[in-house]
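Biologist: Could you take me through the aromatic contacts and the charged pairs of this model, with the criteria behind each term?

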Amino acid sequence: MELAQLEALCERLYNSQDSVERAHAENTLKCFSMNTEYISQCQYILDHALTPYALMLASSSLLKQVTEHSLALKLRLDIWTYLINYLATRGPELQPFVTASLIQLLCRVTKFGWFDDDRFRELVKESMNFLSQATPGHYAIGLKILNQLISEMNQANAGLPATKHRRVACSFRDQSLFQIFQISLTSLGQLKNDAISQLQELALSLSLKCLSFDFVGTSVDESSDEFGTVQIPSPWKSVLEDSTTLQLFFDYYAITKPPLSKEALECLVRLASVRRSVFTNDAARSKFLAHLMTGTKVILQTGQGAPMGMLHAGIGCIVEDLSPL
């Protein structure tokens with residue numbers, strides 16, 4: 001099949017209003033996602049196709065191949081390396097839906113290969129290379145990769161046994177999640193005076209994903225009686241006890257508008273619900289709660305930020321956590 005013909009079929013697959021025409025295109029193109037011999041063809045499409053729909057076909061087909069077939073380790077590593085280089089060179093110019101699909105593919109390959117080769121665990125480091133580049137497009141891709149990586153690790157996949165998913169998620173939590181949370185805080189600090197709201201939104205979303213991770217579901221020890229709290233791991237203690245962490249989210253609540261301010265408040269709600277035993281001592285926890293109460297008081301006095309319903313929920317969590325130790 002000529003590339004021009006394939007691009008025309010992809011256009012019909014994703015855009016045609018004619019169900020018969022769309023079904024024909026789907027039937028003709030399904031070989032790319034079902035037959036492993038077409039993996040190299042998918043790479044050829046990514047390298048040479050001009051339309052975003054052809055790129056989308058290649059990416060989505062590779063995602064299905066990776067999820068449903070036991071591909072050789074070398075092939076998966078080649079795909080992983082190729083995607084990182086591809087996103088670095090072409091990522092900023094692609095349509096957002098194509099970029100999102102490629103990033104999902106990259107994170108799926110990473111999760112499925114987590115225990116197969118240590119190189120897969122270097123994705124956080126590779127993402128930092130995107131963040132270190134000067135262009136907003138690369139910075140956004142770095143944050144998107146980390147956002148998607150947490151989402152991928154936090155949910156089960158049809159192609160991965162539940163026991164292996166738990167093992168991978170637990171390992172990711174212990175080895176990478178705290179580093180990603182620190183990256184999100186650093187990014188928020190760097191972007192606080194930035195005019196590009198998309199980057200602020202991605203950084204806030206990243207913080208919230210870290211704080212909303214299913215710590216209990218991936219925990220080896222589920223005997224904790226602190227039900228209903230956020231089971232932040234002990235190594236996170238230093239960041240929680242650092243007053244600049246809470247203040248960063250209060251600052252974002254004050255300087256942004258919904259929906260960004262709502263996400264900042266959601267982060268504060270999660271922080272207000274962290275387990276009590278994570279703090280060094282009662283004095284450290286009391287200082288933390290005092291900061292929460294002071295910041296909440298300022299919000300009430302100024303009337304800024306997210307809808308009142310969300311604000312009341314946040315205050316409710318904070319007040320509840322003021323109960324005796």
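This is a predicted model: local features need pLDDT of at least 70, side-chain atom pairs count only at pLDDT 80 or more; totals for chains, interfaces and linings use all residues.

Biologist: How many aromatic pairs does the structure hold?

Modeller: Rings of Phe, Tyr and Trp (its six-membered ring) pair if their centres lie within 6.5 Å; planes under 30 degrees apart count as stacked, over 60 as edge-to-face and the rest as tilted. By this criterion, the number of aromatic pairs in the structure is 12.

Biologist: What is the angle between the planes of Phe 181 and Trp 236?

Modeller: Phe 181 belongs to helix 10 (residues 162-191) and Trp 236 to the loop between helix 11 (197-211) and helix 12 (237-241), so that the pair links distant parts of the chain, 55 residues apart, where helices are DSSP runs of H or I with at least four residues, numbered from the N terminus. The two rings form a stacked pair, with 5.1 Å centre to centre and an angle between the planes of 15 degrees.

Biologist: Are Phe 279 and Phe 288 buried or exposed, and how is their pair classed?

Modeller: Buried means under 20% relative accessible area, exposed over 50% and partly exposed in between, with a 1.4 Å probe and protein chains only. Phe 279 and Phe 288 are both buried. With 4.9 Å centre to centre and 50 degrees between the planes, their aromatic pair is classed as tilted.

Biologist: Which residue forms a salt bridge with Glu 152?

Modeller: A salt bridge is a side-chain nitrogen of Lys or Arg within 4 Å of a carboxyl oxygen of Asp or Glu. Glu 152 counts as buried because its relative accessibility is 0%. Its closest N and O atoms are 2.4 Å apart in the salt bridge with Arg 108.

Biologist: Why does Lys 192 count as partly exposed?

Modeller: Lys 192 forms a salt bridge with Asp 251, in which the closest N and O atoms are 3.1 Å apart. This pair links distant parts of the chain, with Lys 192 in the loop between helix 10 and helix 11 and Asp 251 in helix 13 (residues 243-255). Lys 192 counts as partly exposed because its relative accessible area is 28%.

Definitions and conventions: Residues are numbered from 1 along each chain as its sequence is written. Side-chain values use heavy atoms; hydrogens and water are left out. Helices (H or I, at least four residues) and strands (E, at least two) are DSSP runs, numbered from the N terminus.
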